[in-house]
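Reader: I'm new to reading protein structures. Can you walk me through one?
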Amino acid sequence: GASPISLENERLALITAVGRLDAWLRAHSTTISQDQEMMELASSNHEHNLLCAIRYRLTRKRVVAEHIRYLSVLHKELNRCALVTSAAQSFGAMGLPLPP
């Protein structure tokens with residue numbers, strides 16, 4: 001298998017993290033946009049306790065959504081690094097110099 005620290009293990013860890021965070025978001029009965037709408041309604045109806053509860057839930061979802069975006073960018077970068085590494089290994093195996 002892959003060594004403990006490798007591009008492949010890092011890619012798998014990111015895929016797993018994104019999958020679990022996404023599952024956490026989907027497990028809620030409302031989406032971020034639905035929570036935003038509910039928050040506006042609670043605010044206009046002066047329902048302070050409900051507004052606080054929705055704001056708390058929405059903040060947690062936004063944090064998780066931002067982490068998903070960040071981890072997805074990292075995953076794309078690791079994929080790019082893996083391609084560059086693979087190309088470099090191919091060039092080396094053929095006895096060719098690396099392109100600039």
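Predicted model: local features only at pLDDT ≥ 70, side-chain atom pairs only at ≥ 80, totals over all residues.

Reader: Okay. Which residues make up the largest nonpolar core?
Author: Leu14, Val18, Leu25, Val64, Ala65, Ile68, Leu71 and Leu78. That is eight residues in all.

Reader: Which helices supply at least two residues of this core each?
Author: Helix α1, residues 7–26, and helix α3, residues 48–93.

Reader: And where does the largest share come from?
Author: From α3, which gives five residues.

Reader: What does a second core include?
Author: A separate core of five residues includes Met39, Leu51, Ile54 and Leu58.

Reader: Now Ile68. Where is it, and is it buried or exposed?
Author: Ile68 is in helix α3. Its relative accessibility is 14%, so Ile68 counts as buried, the cut-off being under 20%.

Reader: What is Ile68 in contact with, leaving aside neighbours within four places in sequence?
Author: Val18, Leu21, Asp22 and Leu25. There is also a distance to look at: Ile68 and Arg20 are 48 residues apart in sequence, and their C-alpha atoms are 9.6 Å apart in space.

Reader: New topic. Is Lys61 buried or exposed?
Author: Lys61 is buried, with a relative accessible area of 1%. Lys61 lies in helix α3.

Reader: Which side chain does Lys61 join in a polar contact?
Author: That of Asp35, at 2.7 Å.

Reader: What else is around Lys61?
Author: Again, neighbours within four places in sequence are left aside. Lys61 is in contact with Trp24, Leu25, His28, Thr30, Thr31, Ile32 and Asp35.

Reader: How about Asp35 itself, buried or exposed?
Author: Buried, with a relative accessible area of 0%.

Reader: Let's do salt bridges. How many are there in the whole structure?
Author: A search finds six.

Reader: Which residue forms a salt bridge with Asp35?
Author: Arg57 does, and the closest N and O atoms are 2.8 Å apart. Arg57 lies in helix α3 and Asp35 in helix α2, residues 32–44, so the pair ties together parts that are 22 residues apart in sequence.

Reader: And how exposed is Arg57?
Author: Arg57 is partly exposed, at 25% relative accessible area.

Reader: What about Arg26? What is its salt-bridge partner?
Author: Asp22, with the closest N and O atoms 2.8 Å apart. Arg26 and Asp22 are four residues apart in helix α1, so about one helical turn separates them. Arg26 counts as exposed at 61% relative accessibility, while Asp22 counts as partly exposed at 31%.

Reader: Last one. Which residue does Arg11 meet in a salt bridge?
Author: Glu8, at 3.2 Å from N to O. Both residues, Arg11 and Glu8, lie in helix α1, three residues apart, about one turn of the helix.

Reader: How exposed are those two, Arg11 and Glu8?
Author: Arg11 is partly exposed, at 23% relative accessible area. Glu8 is partly exposed too, at 37%.

Note on methods. Residues numbered from 1 in each chain as written. Heavy atoms only, no water. Core = buried A, V, L, I, M, F, W, Y, C linked by side-chain atoms within 4.5 Å. Buried < 20%, exposed > 50% of the residue type's maximum accessible area, 1.4 Å probe, protein only. Polar contact = N/O pair within 3.5 Å; in protein donor to acceptor, adjacent residues only side chain to side chain. Contact = heavy atoms within 4.5 Å. Salt bridge = Lys/Arg side-chain N within 4 Å of Asp/Glu carboxyl O.
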